[in-house]
Amino acid sequence: MYSDRINALPPYLFAAIDEARDELIAKGVDVIDLGVGDPDLPTHPHIVEAMRKAVCDTKTHQYPSYAGMPEFRKAAADWCRKYKGIELDPATEVLSLIGSKEAVAHIPLAFVNPGDVVLYTEPGYPVYKIGTLFAGGEPYPLPLTAENNFLPDLDSIPANILKKAKLFFFNYPNNPTAATADMKFFEKVVEFCKKHDIIAVHDNAYCQMTYEGYEAPSFLAAKGARDIGMELYSHSKTYNMTGWRLGFAVGNSALIKGLGKVKSNVDSGVFDAIQIAGIAALCSSQAGVEETNKIYEERRNTLIEGLTAMGLEVKPPKATFYIWAPVPEGFTSMSFAKLLLEEAGIIATPGVGFGEAGEGYIRFALTKPVGRIKEAVERIKKLQL
Ligand SMILES: *Cc1c(COP(=O)(O)O)cnc(C)c1O
């Protein structure tokens, strides 16, 4: 009944864990869910208020424009200048998105022919691979390891792969490893992509979720990046707006145009009222972002202290709301996730769920109040490891 592309989807690895979780919940176990990367805090109130007003204005009720309201694209360009130091032409270098996930899925449709290789960092957001498969491309994962500070080794890619490579997806601050990249790495990517005629796509979903003064750079700020690349931004994590579905793509105008061509034939843009709320998010005070980051930072410290006390070696990340921890000796990522769930009632995501290169690790999302994280730490301490 299903198409080959659906039948070719990788098996759903979490079925066993989901089942165990549902059983525990049905039994009345108090499960602490640190599995999903979805902010538990609400959208900032001034954004909700902007939406409330906008939705009452009947002018927002018709089809939106494909590329996004000019006001939204200008707000995105202004935000990029102010917080990322990059200059963009709102008319040609900015495109509104129904969240950045759809862009990741649509970009291969715009640029990849069957047989073309798509490079992506692994462990990673699963859509880089799935979007590639849907477009008939060949996914080629670049493993991220602790030895390489979770940056891909671009010199390790065989020549026959490089010859067929068309696109490169990468993501820093990184989900799931919480690693960050500096300008030097981005400059290396520009040089690499220019040399091999590869389109660079940087997923910058976590660039505002940072700690202790760290500022996550824009890939487009790297010299020459504008010639070969685009970058995806998302309201989801920055403004606690995952449910609203809003983001924007910026970068090389021909690339933005290519993505826009796919989108205008598949979706019909972002609801204007949501774009208006999105403008309020981008243009008003960012104090809410800072407050939220303070909350994540306290949670981060609590979990790190607990894991360190147990002998699990984890450095506090500079960005994202994830803790990427090596599993104890004798466990796989899956067996440790099962132990945490069954013996401690804690849900965390086994690293292998983000690709084979994630084996040996587990991801905790800091998406529960600090009291619950303390409780999780107490429960983990009681485990016989
Ligand atoms: C959460 C996340 C996104 C954002 O997805 P949206 O569709 O904008 O909600 C993009 N990339 C990564 C790596 C993520 O973790």
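Helices here are DSSP runs of H or I with at least four residues, and strands are runs of E with at least two, numbered from the N terminus. Keep in mind that this is a predicted model.

**Exercise 1. Follow the salt bridges.**

Task: How many salt bridges does the count give? Then examine the pairs of aspartate 22, aspartate 78 and glutamate 375.

Solution. 
- Step 1: Side chains of opposite charge can pair when their charged atoms come close.
- Step 2: Take the total. The count comes to 20 salt bridges.
- Step 3: Start with aspartate 22. Its partner is arginine 21, with 3.1 Å between the closest N and O atoms. Aspartate 22 is partly exposed at 42% relative accessible area, and arginine 21 is also partly exposed, at 25%.
- Step 4: Go on to aspartate 78, which forms a salt bridge with arginine 81 at a closest N and O separation of 3.2 Å. The two are three residues apart in helix H4 (residues 70–84), so about one helical turn separates aspartate 78 from arginine 81. Aspartate 78 is partly exposed at 26%, and arginine 81 is partly exposed at 38%.
- Step 5: Turn to glutamate 375. It pairs with arginine 379, and the closest N and O atoms are 2.7 Å apart. Because they lie four residues apart in helix H15 (residues 370–382), glutamate 375 and arginine 379 are separated by about one helical turn. Glutamate 375 is partly exposed at 33%, whereas arginine 379 is buried at 15%.
- Step 6: Widen the view. Glu375 and Arg379 are linked with Asp30 and Arg372 in a network of salt bridges.

**Exercise 2. Find the nonpolar cores.**

Task: How many residues does the largest nonpolar core have, and which of them have the most contacts inside it?

Solution. 
- Step 1: Size the core. The largest nonpolar core has 64 residues.
- Step 2: At least three of its residues come from each of domain 1 (4–42 + 287–382) and domain 2 (45–283).
- Step 3: Look for another core. A second, separate one has 38 residues, including Met209, Phe336, Ala348 and Ile373.

**Exercise 3. Inspect the cavity.**

Solution. 
- Step 1: Count. There is one cavity of 30 Å³ or more.
- Step 2: Read the volume. The largest cavity holds about 60 Å³ of space.
- Step 3: Strand S7 (229–234) and helix H10 (235–238) each contribute at least two lining residues.

**Exercise 4. Examine the backbone.**

Task: Where do proline 123 and proline 176 lie, and what is phi at alanine 178 and glutamate 212?

Solution. 
- Step 1: Most residues other than glycine have a negative phi, and most peptide bonds are trans.
- Step 2: Check omega. The bond from glutamate 122 to proline 123 is cis, with omega near 5°; the bond from asparagine 175 to proline 176 is cis, with omega near 10°.
- Step 3: Proline 123 lies in the loop between strand S3 (117–122) and helix H6 (127–134), and proline 176 in the loop between strand S5 (165–170) and helix H8 (183–196).
- Step 4: Check phi. Alanine 178 has a positive phi near 65°, and glutamate 212 has a positive phi of about 55°.
- Step 5: Alanine 178 lies in the loop between S5 and H8 and is buried at 6% relative accessibility. Glutamate 212 is in the loop between strand S6 (199–203) and helix H9 (225–228) and is exposed at 60%.

Note on methods: Residues numbered from 1 in each chain as written. Predicted model: local features only at pLDDT ≥ 70, side-chain atom pairs only at ≥ 80, totals over all residues. Heavy atoms only, no water. Salt bridge = Lys/Arg side-chain N within 4 Å of Asp/Glu carboxyl O. Buried < 20%, exposed > 50% of the residue type's maximum accessible area, 1.4 Å probe, protein only. Core = buried A, V, L, I, M, F, W, Y, C linked by side-chain atoms within 4.5 Å. Domains from an automatic or database assignment. 1 Å grid on protein atoms, 1.4 Å probe; cavity = no way out; pocket = protein on both sides within 12 Å on 5 of 7 lines; lining within 4 Å. Points joined across faces, edges and corners; volume = space filled by probe spheres on them.
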